Amino acid sequence: MKIKMTKKNIAKMYRIWFVIPAVIILAAMIVFAGFAIKDKDINSGMNIGTDFAGGSIVTVVLGEDKIGAQAGFDAELDKIVAVLQNDEIAQQVVDKAREEYEVTLPIDAVKANVSYSQRSDSGANMSIIVKYDNISSTYDSDNSLTNLRNELIEARLEEMYEVTEDNASMVTMSNIGATASREMVKSAVLALVISLALILVYVVIRFEPWSGIAAVIALCHDVAIMLAFTIMFRIQINSSFIAAMITIVAYSINNTIVIFDRVRENNRAELKLKPNSALDNFEICDRSLKQTMTRCVNTTVTTLFAIVVFAILGAASVREFALPVIFGLFAGFYSSVFMSPALYALMKNASDKRKAKKRASGTYVGQKSQAQKD
Amino acid sequence: MTNNKSRALSIAVLTIFSIVAVLGVVFAFVSLEDGQLGVHNYIAYPRVIKLGLDLSGGAYAEYTAEQPEDMTDEEFNAAIEGTRRSLEDLLFGKGYTEAQVSSYGNTIRVEVPDIEDPERIFDLVGRPSTLEFKEYTSDDVENETLMTGEEIANAGVTYYEGQYRIMLEFTDEGAEKFAEITEDLVGKQLGIYVNGELLMAPNVNETITGGTCTIDGNFSYDDAYDLAVQIQAGSFPLDLNMTNSNTISATLGDSALKAGVIAGLVGIALIVIYMCAFYGLMGVAASMSLIYYACTYVFFLAVFPWVQLTLAGIAGVLLSIGMAVDANVIIFERIKEEYGSGKSMFNATKEGFKRSLGAIIDGNVTTIIGAIVLMIVGTSTIRGFGITLLIGIVLSLFSSLIVTRILLKAIMSFQDERHAKFYMLRRRADEDGFETVAVAEGIEEAQLAAEEEAAPYIPGAEMRAEEADETADETEVKVAKPSAPKQGGGNRRKYKSRRTKGGTR
């Protein structure tokens, strides 16, 4: 395979390259707003997992008599989930909210979203543990509606499994706080910001200030695009997602650096060749990115192989997680190849112009030291 | 002849490598039971990797805390959060980076992955209890409480002067208090009480001011460990009662793990095919070192504590397998370029490794910076993830820079210039217009020479620089000639037009 390269200056077509991500982000904002308006709740804009938002946990213990030969975990789980999303229960909660608290809430905001389920066996009994989200705090600041809903669900489940004092079956319901809490998000964001700052410092030292800024903007783009796709596809945002985002940032910087390394090399060669002429930044960036294009494509392809297979083979929950990573890989490739060289060239051009102006009014010595510096 | 010698060496290198790689792969899949081949119960090393709650399940325990009467609601919530966090830190310290501790109201739920017996949770975090320090005079006399467990930051086991000791680390406040207490009690016994019962009563030999102290008592390691856990469990700000505990299944089920393993294997296979198709024998060298990389990575994941693989972790490992060949791709592309610009196969290889080192180091240092920040700043899950990432990067650098190089050198020693096509190396002057850099290098040298002549710098050097350019052009033609034999002397124009038009030829 040989990648055929266009003769056009890719770096110079930056207007197109900047518009596409802007459109994606805009679309995500519209989706976000749409969901927020539909549920009349800003928290519904994103699908936030229970490990951030906290939630409820229901444990259903089934005695030996309840576990038939054919009724396995999955079948029972389906039954329980059906109760969690039962229309009648939701309607009762909505009615009660209107009567007692004078709030009108959409029925979808009441239905529980299951975040995960577990099975736990002790002796002949089987327990099914299901975690699901609470009613958004926008409507339910003191959890009274959530508690009401949980009571109704508990009653319904007890009825369904004929729980009595004599048999081993049992339904317990409890609220659960956020495991990943605000603190985890805070520390993840902090880690991200500190790494970006350090990466910036490193790139500025090893390359140029403009390369550093362009690289960091490209990384921010990757994060934004990943988040945008996650919002659009309603993928749950949980601690795994945060980890995925960090991975993408860590790997995307590689692509950018490789291109800037080539820019640095080409700049040097060019300056040696013509020490006193101004650099054509767009041309150099274009040449550099075309020289490294094969490598960027190859690396992105090899990285995609395993994760795509993973997404295809895995169950829904795996796919839900692998998708943002795949989006992230594409975003990383896109920003490294199409955005960061163009950003660099734009900024470098502006700074060169300023320098040229200064030089025109400055001394000749300044020019010499400039040439030596590079 | 030296050629024979180097070939013999290459055969040795390739043989040793193949044996190591085969063993690495075989031991990844085969477990040996007791007695087979005289080995004591060997478990395939990937199976030793600890897994997170989502992949393997584990056990949970729920604790409730009573609100002490002298505590306001606010203080109580703060104490619950404090307890939650110390439990999390405690489990992290024991290598359970993916343990989850959540709280709601007065309930704290601890979920510990990768253990099958809920009792193990108590081995890990102890049975949360109150801890008090009192003067010990006799079993019957109860003296006033001098200090509580809250002032203890950490308790562990150390090995010092031939015996295991319990080491206590105090908070800043605790260190001061402990110094005062021990000053008063020199020569007497300090009783350590757990839930009101005497745990031990070591003699105080001297005033202890450093903020840490060790307790010796001819402990076995296990005894010291148990006592340390007990003391640590007493350092929580609240009394906790265990209300419920049981095992839990994986939240994602077996399928995720299976999918991960298959995806890894298929991914490696696809990368091997891709690299071989793209880079020929160079790709073979890269593929071999990729297999080596995959085995060592998995091995290190199994060996390192703090690694608990979750879904995110699996994705990270899968990505890192793809990224591991990245450095090789950079190098091979460079070799292709260098070869295209007219260097011999061996020189091109040498130059390719040398010239791509900068990009590889810079790219990986930035990733390493990210990983280290995650390890320092992040909370438990993120920290564990940083460790996984760091191991992956360091190993991939080793395999792609050192292992691939040795293998490539060994493979190349069997070929000569005529076999360049097996390495997908071609000189395509008509297709590839990117020998600029190599050309520019020639100019660079000429330029340097010219600059030396031109020194010291004097106004008017402008003209001299022009001269230097002329020299450079001559050099350029000379250097670039082999790359474009049919183009004759048109090289300079070609280069210039490329530069001004900015397209590729």
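The model is a predicted one, in which local features need pLDDT of at least 70 and side-chain atom pairs count only at pLDDT 80 or more, while totals for chains, interfaces and linings use all residues. Residues are numbered from 1 along each chain as its sequence is written, and chains are lettered from A and ligands numbered from 1 in the order in which they are written.

Ile307(A) also belongs to the largest nonpolar core, which has 141 residues and in which Ile307(A), Phe310(A), Ala315(B) and Leu318(B) touch the most other members. Such a core is a set of buried Ala, Val, Leu, Ile, Met, Phe, Trp, Tyr and Cys residues joined through C-beta atoms within 7 Å; a residue is buried if 20 or more other C-beta atoms lie within 10 Å of its own, exposed if 12 or fewer, and partly exposed in between, with C-beta atoms placed from the backbone. Helix H7 (residues 254-303) of chain B gives the most to this core, with 21 residues; helices (H or I, at least four residues) and strands (E, at least two) are DSSP runs, numbered from the N terminus. A second, separate core of 73 residues includes Ile128(A), Val130(A), Leu157(A) and Leu227(B).

Between the two chains, 76 residues of chain B are in contact with 78 residues of chain A. On the chain B side, the residues that touch chain A divide into 40 nonpolar, 29 polar and 7 charged, where Ala, Val, Leu, Ile, Met, Phe, Trp, Tyr, Cys and Pro count as nonpolar, Asp, Glu, Lys and Arg as charged, and the others, Gly among them, as polar.

Chain B holds 14 helices and 13 strands, and 43% of its 505 residues count as buried. Among its contacts between residues at least 6 apart in sequence, 71% join residues at least 24 apart.

One open sheet of chain B has 4 strands in the order S6-S5-S9-S10, with antiparallel pairing; two strands pair if DSSP finds at least two bridges between them. Strand S6 (145-148) and strand S10 (197-200) of chain B each have a single partner strand, so one side of each is left without a neighbour in the sheet. From one strand to the next, the twist averages 40 degrees; axes are lines fitted to C-alpha atoms, for helices over the stretch in contact, and angles run from 0 to 180 degrees between N-to-C directions. Helix H5 (residues 172-185) of chain B packs on this sheet, where it touches S5, S6 and strand S9 (189-194) of chain B, and its direction makes about 150 degrees with that of S6(B).

The pairing can be followed strand by strand. Strand S5 (residues 131-136) of chain B is joined to S6(B) by 3 antiparallel bridges, with Thr145(B) in S6(B) as the bridge partner of Lys134(B). S5(B) pairs with S9(B) over 6 bridges, again in the antiparallel sense, and here Glu132(B) has Tyr193(B) in S9(B) as its bridge partner. Tyr193(B) in turn has Leu198(B) in S10(B) as bridge partner, within the antiparallel pairing of S9(B) and S10(B), which has 3 bridges. Because 5 of its 6 residues are buried, S9(B) is largely enclosed by the rest of the structure.

Another open sheet of chain B has 3 strands in the order S7-S8-S11, with antiparallel pairing, and its edge strands are S7 (152-160) and S11 (212-219), each of which pairs on one side only. Neighbouring strands here are turned by 25 degrees against each other on average, direction ignored. S7(B) and strand S8 (residues 163-170) of chain B run antiparallel and are joined by 8 bridges, and Ile152(B) has Phe170(B) in S8(B) as its bridge partner. Helix H6 (residues 221-233) of chain B lies across S7, S8 and S11 of chain B and runs at about 170 degrees to S7(B). The buried residues of H6(B) include Leu227(B), which is also one of the members of the second core.

Elsewhere in chain B, Ile411(B) lies in helix H11 (residues 380-412) and is partly exposed, with 19 other C-beta atoms within 10 Å. Not counting residues up to four places away in sequence, Ile411(B) touches Leu281(B), Val284(B) and Ala285(B).

Conventions
Two residues are in contact if their C-beta atoms, placed from the backbone, lie within 7 Å.
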